Amino acid sequence: MISDEEPGYDLDLFCVPNHCAEDLDKVFISHGLLLDRTEKLARDVMEDMGGHHTVALCVPKAGHTFFADLLDCIKAPNRNSDRFIPMTSYCNDQSTGAIKVTGGDNLSTLAGKKVLIVEDIIDMGKTMQTLLSLVQQHKPKMVEVASLLVKRTPRSIGHRPDFVGFEIPNKFVVWYALDYNEYLRNLNHVCVISETGKAKYKSEAE
Ligand code: HPA
Ligand code: MG
């Protein structure tokens with residue numbers, strides 16, 4: 001759990017691409033810490049679900065780096081036990097929670113399986129709620145959710161994942177998977193966006 005008072009780290013203590021330095025306030029969670037925590041989450045998942053015959057579902061596009069890192073750790077002792085079905089929350093307005101399964105696979109193959117849904121960040125929790133009810137309709141044996149980050153926000157509908165990397169304050173963060181209007185994805189560390197960054201990449205649609 002990262003407290004509301006956590007000041008983060010000055011950008012010049014870490015390698016941050018020069019071109020986006022002014023768009024960021026602080027490094028909030030360093031890449032090394034993310035990877036170390038991910039390794040432990042993978043162990044927790046394996047203990048809880050068993051490494052075998054678990055289907056991991058990635059919620060792209062933001063979730064894919066955490067997904068890849070997590071599955072790297074889970075897969076090592078359990079080769080050939082995992083596969084994943086790509087899906088997307090296809091509207092850029094995250095509050096709609098609209099989910100579409102992409103690719104040839106479909107969710108009926110989840111019947112009787114142990115399913116792990118992997119997400120990068122849970123904010124309000126609406127997308128996850130929609131996804132969970134979609135998956136449950138296909139009668140899996142078990143469904144669990146792993147999210148690298150969970151935000152403490154008054155807008156939360158109260159969903160709590162089974163595996164949480166870090167609980168963070170109600171700040172807008174960016175990272176190589178987490179974007180702000182599709183910008184600032186190319187970072188290794190979870191960073192807090194600056195007011196300059198927010199203004200620069202503000203969506204015309206708002
Ligand atoms: N960063 C990126 N994407 C998000 C966030 C955030 O803080 N909250 C919800 N989606
Ligand atoms: Mg996501």
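## One face of helix H3

In helix H3 (residues 126-136), the buried residues are Thr127, Met128, Leu131 and Val135. They sit on the same side of H3 because they cover an arc of only 90° around the axis, the arc being that of the directions from the helix axis to the C-beta atoms. An α-helix has 3.6 residues a turn, so residues three or four places apart point the same way. Ser133 and Gln136, on the other side of H3, are exposed. Here "buried" means that 20 or more other C-beta atoms lie within 10 Å of a residue's own, "exposed" means 12 or fewer, and "partly exposed" is in between, with C-beta atoms placed from the backbone.

## About the model

This is a predicted model, in which local features need pLDDT of at least 70, side-chain atom pairs count only at pLDDT 80 or more, and totals for chains, interfaces and linings use all residues. Residues are numbered from 1 along each chain as its sequence is written, while chains are lettered from A and ligands numbered from 1 in the order in which they are written.

## The whole chain

The protein chain has four helices and nine strands, in the order β-α-β-α-β-β-β-α-β-β-β-β-α from the N terminus. Helices (H or I, at least four residues) and strands (E, at least two) are DSSP runs, numbered from the N terminus. Of the 206 residues in the protein chain, 33% are buried.

Cys20 is found in the segment before strand E1 (24-29). Cys20 counts as buried because 20 other C-beta atoms lie within 10 Å. From C-alpha to C-alpha, Cys20 and Ala111 are 45 Å apart in space, and they are 91 residues apart in sequence.
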